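Me: I would like to learn how to read a structure like this one, feature by feature. Could you take me through it?

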Amino acid sequence: MKPDITTRNAIELLVNSFYEKVTTDDCIGPIFIKIAKVDWDTHLPRMYDFWESILLGGMNYKGNPMLRHIELSKKTTLSQEHFDRWLALWHNTIDTYFSGEKANDAKQRGINIAGLMLYKIENHA
């Protein structure tokens, strides 16, 4: 039986493993590498804090991911295909390492976040 996502270490494993997949993905990898030019030393700890706050109630996250994605959408098209691929990689990573209530919550929250981001991007004036 796989463990559930119940610790900061589990969050870090999830985030690190997920972004390893993202960076080599043909669909969304170039957006992160060539367009957003993500600084991984800054981004990864921010994502640890983000997901820890959402899944475990941590209070370290400071930021506005919606604004960052809207800004990115001005540099390149972010489409349903991109968000679907993000979700597929997210779910695959969760299923590889975890199972349980928090793992299911992480998948559902990913669906909600992706849907809201795409909606905001498509309807941003």
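**Reading the fold, one feature at a time**

Reply: Gladly. Let us begin with a loop: Lys-37 sits in the loop between α2 and α3. Please keep in mind that this is a predicted model.

Me: What is the phi of Lys-37?

Reply: First the general idea: most residues other than glycine have a negative phi. Here, Lys-37 has a phi near 50 degrees, a positive value in a residue other than glycine. Lys-37 is also exposed, with a relative accessible area of 62%.

Me: Stepping back, how many helices and strands does the protein have?

Reply: The protein has 6 helices and 0 strands, so its pattern along the sequence is simply α-α-α-α-α-α. Its radius of gyration is 14 Å, close to the 14 Å that the globule rule gives for 125 residues, so the protein is as compact as a globular protein of that length. The C-alpha trace spans about 45 × 30 × 25 Å along the principal axes. Of contacts between residues at least 6 apart in sequence, 77% join residues at least 24 apart.

Me: How should I look at a single helix, say α5? Where do its buried residues lie around the axis?

Reply: List the buried residues, then look down the axis. In α5 they are His-82, Phe-83, Trp-86, Leu-87, Leu-89, Trp-90, Thr-93 and Ile-94. They cover an arc of only 165 degrees, which puts them on the same side of α5. That set packs against α1, α2, α3 and α6. As for length, α5 has 18 residues and reaches 26 Å from its first C-alpha to its last, close to the 26 Å expected at 1.5 Å a residue.

Me: And which residues are buried in α4?

Reply: In α4 (residues 65-73), Met-66, Ile-70 and Leu-72 are buried. Viewed down the axis of α4, they fall within an arc of 160 degrees, so they line one face of the helix. Their cover includes α2 and α6.

Me: Is Lys-107 buried or exposed?

Reply: Lys-107, in helix α6, is buried, with a relative accessible area of 17%; the cut-off for buried is under 20%. Not counting residues up to four places away in sequence, Lys-107 touches Trp-90, His-91, Ile-94 and Asp-95.

Me: Last topic: aromatic rings. How many aromatic pairs are there?

Reply: A pair is described by the distance of the ring centres and the angle of the planes. The count here comes to 11 aromatic pairs. For Phe-50 and Trp-51, the centres are 5.2 Å apart and the planes at 90 degrees, so this pair is edge-to-face. Both residues are buried: Phe-50 has a relative accessible area of 12%, and Trp-51 one of 3%. Ring pairs also link them into a cluster with Phe-18, Tyr-19, Phe-32, Trp-40, Tyr-61, Trp-86 and Trp-90.

Notes. Residues numbered from 1 in each chain as written. Predicted model: local features only at pLDDT ≥ 70, side-chain atom pairs only at ≥ 80, totals over all residues. Heavy atoms only, no water. Buried < 20%, exposed > 50% of the residue type's maximum accessible area, 1.4 Å probe, protein only. Helix = DSSP H or I, 4+ residues; strand = E, 2+ residues; numbered from the N terminus. Arc of directions from axis to C-beta. Contact = heavy atoms within 4.5 Å. Phe/Tyr/Trp six-rings, centres within 6.5 Å; stacked < 30°, edge-to-face > 60°. Expected span 1.5 Å × (residues − 1). Rg over C-alpha atoms; globule rule 2.2 N^0.38 Å.
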